[in-house]
Amino acid sequence: SITGQTLVAGALAEFKAQGKASKLLRVRRIASRVGFLGFSMGTLGGLALFFGSGLIPRLLSNDAAVVAFAQTQFRSLSLMLPVCALSDMMESALTASKDYNAVFTGMCLGALSLFGVIYVCEIRLKMGIVVVWAALAAFMAVRATVALIRYNSPRAKIPRPSEEVLKEA
């Protein structure tokens, strides 16, 4: 995410210095690629962890109970890795553009969703350890959603090119 943040910040600085439409399009392309790359890497990592969940714990322990517990947890983690990576990369692009309010809003709404899932699923329904993964997945999904909405909104700090700008480029 640091590399993506640096690329977006550099391209945004070029756009602000030169004001050319082609530079704005470059900023949007880089930010979109950073998000796609994050999601892709998270998906690949999640697939590797999901399909390796039977092997990896066995390499680390011989205890059957530990292996069974770890396999379950690895699968749960693997399912949320794509959205975690997408959230991280899109928030990096927003941070690079100094859109700190969007990142803050995503974190706050994500925290509310985390507490909501914990309250409903654990305190009310007593669902157990699965609640941790569900709460974390909700937290990351809300953050990713807020970041994507802000990135595509008219108020984004990485502006969307207008029709005139697209014709000019």
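Colleague: How do you know whether the crossing of helix 1 and helix 4 is left-handed or right-handed?

Modeller: In this predicted model, the crossing of helix 1 and helix 4 is right-handed, and the word rests on a rule about direction: a crossing is given that name if the near helix is turned clockwise from the far one by less than a right angle. The two helices pack at an angle of about 35°, and their axes are 8 Å apart. Both values belong in the description, because two packed helices are described by the angle between their axes and the distance between the axes.

Colleague: Which residues make you say that helix 1 and helix 4 meet?

Modeller: On the side of helix 1, which covers residues 2-18, they are Q5, V8, A9 and L12, and on the side of helix 4, which runs over 64-96, they are S92, A93, T95 and A96. The word contact is used here for heavy atoms within 4.5 Å.

Colleague: What makes E14 and R26 a salt bridge?

Modeller: The N to O distance between their side chains is 3.3 Å, and the rule asks for a side-chain nitrogen of Lys or Arg within 4 Å of a carboxyl oxygen of Asp or Glu, so the pair qualifies. E14 lies in helix 1 and R26 in helix 2 (residues 21-51), so the pair ties together parts that are 12 residues apart in sequence.

Colleague: Are E14 and R26 buried, exposed or something in between?

Modeller: E14 has a relative accessible area of 29% and R26 has one of 36%. Buried would need a value under 20% and exposed a value over 50%, so residues in between are called partly exposed, and that is the class of E14 and of R26.

Colleague: How many salt bridges are there by this rule, and what makes R143 and E91 one of them?

Modeller: The count comes to 3 salt bridges. In the pair of R143 and E91, the closest N and O atoms are 2.3 Å apart, and because the cut-off is 4 Å, the pair is counted.

Colleague: Why are R143 and E91 called buried?

Modeller: Their relative accessibilities are 9% for R143 and 6% for E91, and because buried means under 20%, the name applies to R143 and to E91.

Colleague: What makes R150 and D99 a salt bridge, and where do the two residues lie?

Modeller: Their side chains meet at 2.8 Å, N to O, which is a distance within the 4 Å of the rule. R150 is in helix 6 and D99 in the loop between helix 4 and helix 5, so that the pair links parts of the chain 51 residues apart.

Colleague: How do you know that R150 is buried, and which residues does R150 contact?

Modeller: R150 has 15% relative accessibility, and since the limit for buried is under 20%, R150 counts as buried; D99 is buried as well. Leaving aside neighbours within four places in sequence, R150 is in contact with L94, D99, A102, R155 and A156.

Colleague: What is noted about phi at K98 and K126, and are these residues buried or exposed?

Modeller: K98 has a positive phi of about 60° although K98 is not a glycine, and K126, also not a glycine, has a positive phi of about 55°. K98 sits in the loop between helix 4 and helix 5, whereas K126 sits in the loop between helix 5 and helix 6. Because exposed means over 50%, K98 with 56% is exposed, and K126 with 59% is exposed too.

Conventions. Residues numbered from 1 in each chain as written. Predicted model: local features only at pLDDT ≥ 70, side-chain atom pairs only at ≥ 80, totals over all residues. Heavy atoms only, no water. Helix = DSSP H or I, 4+ residues; strand = E, 2+ residues; numbered from the N terminus. Buried < 20%, exposed > 50% of the residue type's maximum accessible area, 1.4 Å probe, protein only. Axes fitted to C-alpha atoms, helices over the stretch in contact; angles between N-to-C directions.
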